Amino acid sequence: MISISKYHGCGNNFVIVRESDLPKAITMKDEAARIEMYSQLAVNLCCVNTGVGADGFIVVREEPQLEMVFFNQDGSRAPMCGNGIRCFAQYCMDKGIRDEAVYPVATLAGEMIVNVTQDEPFRVRINMGKPVMDPAAIGVETDEENFLGKEIALKDGSTVKVDSFFMGTVHTVVFVDDIDIDVLEPLGEEICNHPVYTEKTNVNFVKVIDQQNLEVLTYERGVGITFACGTGACASVVAASMAGMTGNSADVQLKLGTLGIAIEDDGNVYMEGPSVHILDGTLE
């Protein structure tokens, strides 16, 4: 039996397990074999028909340091997840893993600083680090210094302008006039799997409401359309700020909530938002 918990951040939902609660037959293996087994566990748990059903899977590793090990619904490992790390932080509080308000969390995208701003209802502010504009960081092969404002060709012969960079993970921002899921879902899938992105890409469709507010719909690689994407919200404000569409901070409106994003003078991007506990249980 494996103890599991489920949380959501603005509707983006995750199954979370403590690595120390997993069977020793898994945890005693070397890192590569362990990650491969976690990947398969992610697929099984995230399946809505035969598992728990979730957008992603999080393993809480406590030794040698506190670390968030994150997997997408399809079992692919991702460097970071903005909504996921808020849920990770609430899980750590609920399980007594951390009781301090501010602490670091290791991820494949680097160290993230958690700052719990409110216990009930739970809210947390995360230092998400700085955006990386180097195309090599997102698996794009080009001699250009960045992949901003680029036109990429679509299958129907049209083109779409994209801003692509690393913000916790691989992100592409596309500005649109309207958020229409019927139109944007197939477009998101095509951009996500476009051959220019050798590692695929998350795609954020951004509607600018005004200088302080954006509406965002994200097509996540390995998942599809999700209710929310924290790193995507950060990327959206970074792109909008660079284009002069917003200032250095904005509220990102998502289907089931709002995230506050701020770019500080040192270039670090901060995200503040909620996490909600859904359930605890055991997996046979």
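Where is the place of Pro-121? I found Pro-121 in the loop between strand S7 (110-118) and strand S8 (123-127). Helices and strands here are DSSP runs numbered from the N terminus, with at least four residues (H or I) for a helix and at least two (E) for a strand.

**Ground rules.** I am reading a predicted model, in which local features need pLDDT of at least 70, side-chain atom pairs count only at pLDDT 80 or more, and totals for chains, interfaces and linings use all residues. Residues are numbered from 1 along each chain as its sequence is written, and side-chain values use heavy atoms, with hydrogens and water left out.

**Cis bonds.** I looked up the bond from Glu-120 to Pro-121 and found it cis, with omega near -5 degrees. Glu-63 and Pro-64 are also joined by a cis peptide bond, with omega at about 0 degrees. Pro-64 sits in the loop between strand S3 (56-61) and strand S4 (67-72). I noted these bonds because most peptide bonds are trans.

**Positive phi.** Most residues other than glycine have a negative phi. Cys-10 is not a glycine, yet its phi is positive, about 55 degrees. I placed Cys-10 in the loop between strand S1 (2-9) and strand S2 (12-18). Cys-10 is buried, at a relative accessible area of 3%. Buried means under 20%, exposed over 50%, and partly exposed in between (1.4 Å probe, protein chains only).

Lys-200, not a glycine either, has a positive phi of about 60 degrees. I found Lys-200 in the loop between H4 and strand S12 (202-210). Lys-200 is partly exposed, with a relative accessible area of 41%.

I followed strand S9 (residues 147-153) and strand S10 (residues 159-166), which pair in the antiparallel sense over 5 bridges. To count as a pair, two strands need at least two bridges found by DSSP. Lys-150 has Val-162 in S10 as its bridge partner. S9 and S10 form a hairpin with 5 residues between them, and Gly-157 in the turn has a positive phi of about 95 degrees.

**Negative patch.** Which residues form the negative surface patch? I listed Asp-177, Asp-178, Asp-180, Asp-182, Glu-185 and Glu-189. Patch residues have over 30% relative accessible area and no salt bridge, and like charges are joined within 9 Å. A salt bridge is a side-chain nitrogen of Lys or Arg within 4 Å of a carboxyl oxygen of Asp or Glu. Asp-182 belongs to helix H4 (residues 181-192). Asp-182 is exposed, with a relative accessible area of 66%.

Note on methods:
Patches are made of residues with over 30% relative accessible area and no salt bridge: like charges are joined within 9 Å, nonpolar side chains (Val, Leu, Ile, Met, Phe, Trp, Tyr) within 5 Å. Accessible areas come from the Shrake-Rupley method with a 1.4 Å probe; for residues, only the protein chains shown count as cover. Lys and Arg count as positive and Asp and Glu as negative; His and the chain ends are not counted. The place of a charge is taken as NZ of Lys, CZ of Arg, CG of Asp or CD of Glu.
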